[in-house]
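Student: I have a structure open and would like to go through it piece by piece. Can we start with a single residue and work outwards?
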Amino acid sequence: MFNKLKNKIKSWTKKVSEKSEVIKEEPVKEIKLPMKFNAGMQKFEPDLEKIKETAKEKSFLKKITSKITKVKISGKEFEIYSEELEMLLLENNVALEVAEKMIKLLKEKIVGKELLKKEIESEIKDSFEEIIKEILIEPFDLFEKIKEKTSDQSKEPYVVLFCGINGTGKTTTIAKIADSLKHKKISCVLAAADTFRAASIEQLKKHGDRIGVKVISHEYGSDPAAVGFDAIKYAKKNLINCVLIDTAGRMHTAKNLLKEIEKISRVCKPDTKIFVGESITGNDAIEQVKSFDWAIGIDGIILTKADIDKKGGTALSVGYVTKKPILYLGTGQEYDKIEVFNKEKFIEKLGLED
Amino acid sequence: MLEKLGEVLRKATDKIANAIFLDKNLVDTIVRDLQRALIEADVNIILVKQLSDKIKKAALDERIKEIEKKEHIIKLLHDELVQILGEHRQLKLQSKQNRIMLMGLYGCGKTTTIAKLGNYYAKRGSKVALVGLDVHRPAAKEQLKQLAEKNKLTAFIEFEEDDAIKTWKLIKPKLKDYNVVLIDTAGRHNLDRELAREIKDLNKYIKPTESILVMPADMGQAAKKQAQEFKDAVDISGVIITRMDSSAKAGGALTACAETKAPVYFIGTGEKINDIEEFNPKQFLSRLLGMGDLQNLIEKIKSVTDEDKQKKIQEKLEQGRLSLEDVVEQVKSMQSLGGFDKIKSMIPGLGSAKIPEGVLEIQQEKIQKWEHIIKSMTPEEKENPEIFDDKKTAVSRINRIAKGAGVNNSEIRSLLKQYKMLNEMIKGSADMDMSQGMSQKQMMKLAKKFGKKKVRRF
């Protein structure tokens, strides 16, 4: 994944280090030779130690001379190249707002700093890596959290609420998580709180049958918050560890629907609220995730359809605007096609670490 | 939708039009604003660069004189944008059986779109059959069935069969009497070989007259590749873009289609069955630039009102007289269009007008009240609202209605006032022939009219 971005960043850093203005500084030439220095003091015996040292010093100095061609990237120069970098980021689906911010941060780190020519490439890479590291929050382990809460035999189940716009794959993601829970021997129940879309309840029920977990559902058109509430009640009664609530896809621009999800969240008091988004969404991704974060305050993000396109920008965009971790990537239709989002691996794939 | 992009485009053209002298600085800022807006709308980066280069070049071209230059640039911008949006092509039904197959990624709204299209063609007098060939996603068949039942459409689904081609073979003989056959397929993406083979096979067996790719509006820079690869696998004849009701600007999807030469037939603008529109790049742009899109509005109104009523109202319109009941009828059908919120961008002058938040909702509530008020009137009052002009009886009439409808007297008065205004407006526009569509000039004229009077009322 993300190979394209990796290659482009590489070629970009190369260009900068090749083209940027070179300030040559004359190396200091005055070197006192030990023979002269010691002439009067030690007559016939040349100080072997000192000679050795001088030899060392010389080679050291030589190194410095080759490296002393220092380079300073001016603001103007940076702008020329940063435009190219910005285009790269945008092409790779990073939202404009986020791309601009990243460039600004990079500028602060690079411009005006005296750098050795050889170090430019790695310096840019390092700075860029730092920026991405700052943007992406370390994900938490959902399963550990569930285990933690339910280990002390309290009767409270761990509740996870899933939200997102239409067709991002909430139901499929829930099925995947339920399947993983089952493999980890954590009991769970699904709440079919999408009471709007045609056949959404049947869809979740079919998943439930396949995986072998109970699905709590009401009629179509009924109150989704009530479905969630009932599922939690059921879990308490039957000592089930985890409740996964599926909600209807809703456009983040529909205020009444955002109010509805706020109500579900208020009634069900979920331990974790997860936004399910698509990794192929462009600039709109930030609007989507912002609205949901504003409405219910999300705790984590799952990006689906990561197998469709190799561009990794959406992860950066949503990670940046929410300051919330990306937990998983959905990478296919089967139940096992869900990957833990690994920050180091993500950065590695960008090609910034050698 | 699209307000933000439209605003920038309008500002850019305004800036150009109002500039005394187009110097490099001004051009640069305008181009930068444009670039940002287009990139934020997910328009392909390369296209954005090309467009801005062209505008820069034209703006700094010494050979064109100042005044002409402005017009030249605005026209250039307009033309380029139309080009980016792609060709206008309608989905034309043929006299033989039309087999329209929809395909696309997972969760882009294929099944919902099938129901919308079914409804669209059924309302226009076609015999429509929906065929469910999504055998992979759990409950996809149930979804199609439920949608068909809800909207009184015929759906052919084989619950027992889980092979798409076998399903088609089973259903095919039953489809003889239908002239529009809409086929739902499973969501897939280009890299999945098995599903790619399935769609190719389906294509071979079904021989669709139209193979349509469904794409979501919020898709980013990945759109082009997807469009291209679908086109390579199966010859895509057209595209439908969904989720246009969000804050997404569909730049990615739209430009991808233009580049792959796959015309956009329809756009989906909501979750309800009527939320589908024909796509016309020029009109779409006119809407973006705040000049409205009356043609589409009229189309939409046609799709929600039945023909008899339409005729009656047309007659009354020609006489320049509407009864209160007609007004409510119209307002109701407007609500089934999705309310003011959806149609305001189509009305010239209103799309660009700043309407404070919440005002539209208040207006909706008001309309509900109007309905109650009119229901509490006597038939005579409904047909001849002039009766209220008689000062002697008006007060007692209004008192009675207020009691019946549970509203304040002032609310009844405001309804009567609105009615009078509307009637006057209709008289003024009775000479305009709406059925032929409107010329750009007429639209601009209307835009001005609405733009001036307007919005205070809303």
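Student: Why does Glu119(A) count as partly exposed?
Tutor: This is a predicted model. In it, Glu119(A) has 14 C-beta neighbours inside 10 Å, so it counts as partly exposed.

Student: Where is Glu119(A) found in chain A?
Tutor: Glu119(A) sits in the loop between strand 3 (114-116) and helix 6 (120-135) of chain A.

Student: And how far is Glu119(A) from Val71(A) in space?
Tutor: The distance is 9.4 Å from C-alpha to C-alpha, while 48 residues separate the two in sequence.

Student: Another loop residue, then. Is Asn238(A) exposed or buried?
Tutor: Asn238(A) counts as exposed, because it has 11 C-beta neighbours inside 10 Å. Its loop lies between helix 10 (224-237) and strand 7 (242-247) of chain A.

Student: What separates Asn238(A) and Lys155(A)?
Tutor: Along the chain, 83 residues; between their C-alpha atoms, 9.0 Å.

Student: Let's zoom out. Which domains does chain A have?
Tutor: The assignment gives domain 1 (1-20 + 74-135), domain 2 (26-68) and domain 3 (142-349). The C-alpha centres of domain 1 and domain 3 of chain A are 35 Å apart. Their contact takes 19 residues from domain 1 of chain A and 16 residues from domain 3 of chain A.

Student: Which helices supply the domain 1 side of that contact in chain A?
Tutor: Helix 1 (3-19), helix 5 (96-110) and helix 6 of chain A each give at least two residues to the side that touches domain 3 of chain A. By class, that side of domain 1 of chain A has 10 nonpolar, three polar and six charged residues.

Student: Now helix 12 and helix 13 of chain A. At what angle do they pack?
Tutor: Helix 12 of chain A and helix 13 (residues 313-322) of chain A pack at about 35°, and their axes are 9 Å apart. The crossing of these two helices of chain A is right-handed.

Student: Which residues meet there, between helix 12 and helix 13 of chain A?
Tutor: From helix 12 of chain A, they are Ala285(A), Ile286(A), Val289(A), Lys290(A) and Asp293(A). These meet Thr314(A), Ser317(A), Val318(A), Val321(A) and Thr322(A) in helix 13 of chain A. The contact divides into five nonpolar, three polar and two charged residues.

Student: Why would residues spaced like that point the same way?
Tutor: An α-helix has 3.6 residues a turn, so residues three or four places apart point the same way.

Student: OK, chain B. How many residues of chain A are in contact with chain B?
Tutor: 31 residues of chain A are in contact with 31 residues of chain B. On the chain A side, helix 4 (75-91), helix 9 (200-211) and helix 12 (284-296) are the elements that give two or more residues. Helix 9 of chain A gives the largest share, four residues. The chain A side divides into nine nonpolar, 13 polar and nine charged residues.

Student: What about the sheet in chain B: in what order are the strands?
Tutor: Eight strands form an open sheet in the order 3-2-4-1-5-6-7-8, with mixed pairing. Strand 3 (154-156) and strand 8 (276-278) of chain B are the edge strands, each pairing on one side only. From one strand to the next, the twist averages 25°.

Student: How many bridges join strand 2 and strand 4 of chain B?
Tutor: Five, and these two strands of chain B run parallel.

Student: Which helix lies across strand 4 of chain B?
Tutor: Helix 5 (residues 110-123) of chain B does, running at about 170° to strand 4 of chain B. Helix 5 of chain B also lies across other strands of chain B, including strand 1 (98-104) and strand 8.

Student: Last one. Why is helix 11 of chain B described as largely enclosed?
Tutor: Six of the eight residues of helix 11 (residues 281-288) of chain B are buried, so the rest of the structure largely encloses this helix. The buried residues are Pro281(B), Gln283(B), Phe284(B), Ser286(B), Arg287(B) and Leu288(B).

Technical notes. Residues are numbered from 1 along each chain as its sequence is written. Chains are lettered from A and ligands numbered from 1 in the order in which they are written. This is a predicted model: local features need pLDDT of at least 70, side-chain atom pairs count only at pLDDT 80 or more; totals for chains, interfaces and linings use all residues. Two residues are in contact if their C-beta atoms, placed from the backbone, lie within 7 Å. Ala, Val, Leu, Ile, Met, Phe, Trp, Tyr, Cys and Pro count as nonpolar, Asp, Glu, Lys and Arg as charged, and the others, Gly among them, as polar. A residue is buried if 20 or more other C-beta atoms lie within 10 Å of its own, exposed if 12 or fewer, and partly exposed in between; C-beta atoms are placed from the backbone. Domain bounds come from an automatic or database domain assignment. Two strands pair if DSSP finds at least two bridges between them. Axes are lines fitted to C-alpha atoms, for helices over the stretch in contact, and angles run from 0 to 180 degrees between N-to-C directions. A crossing is left-handed if the near helix is turned anticlockwise from the far one by less than a right angle, and right-handed if clockwise.
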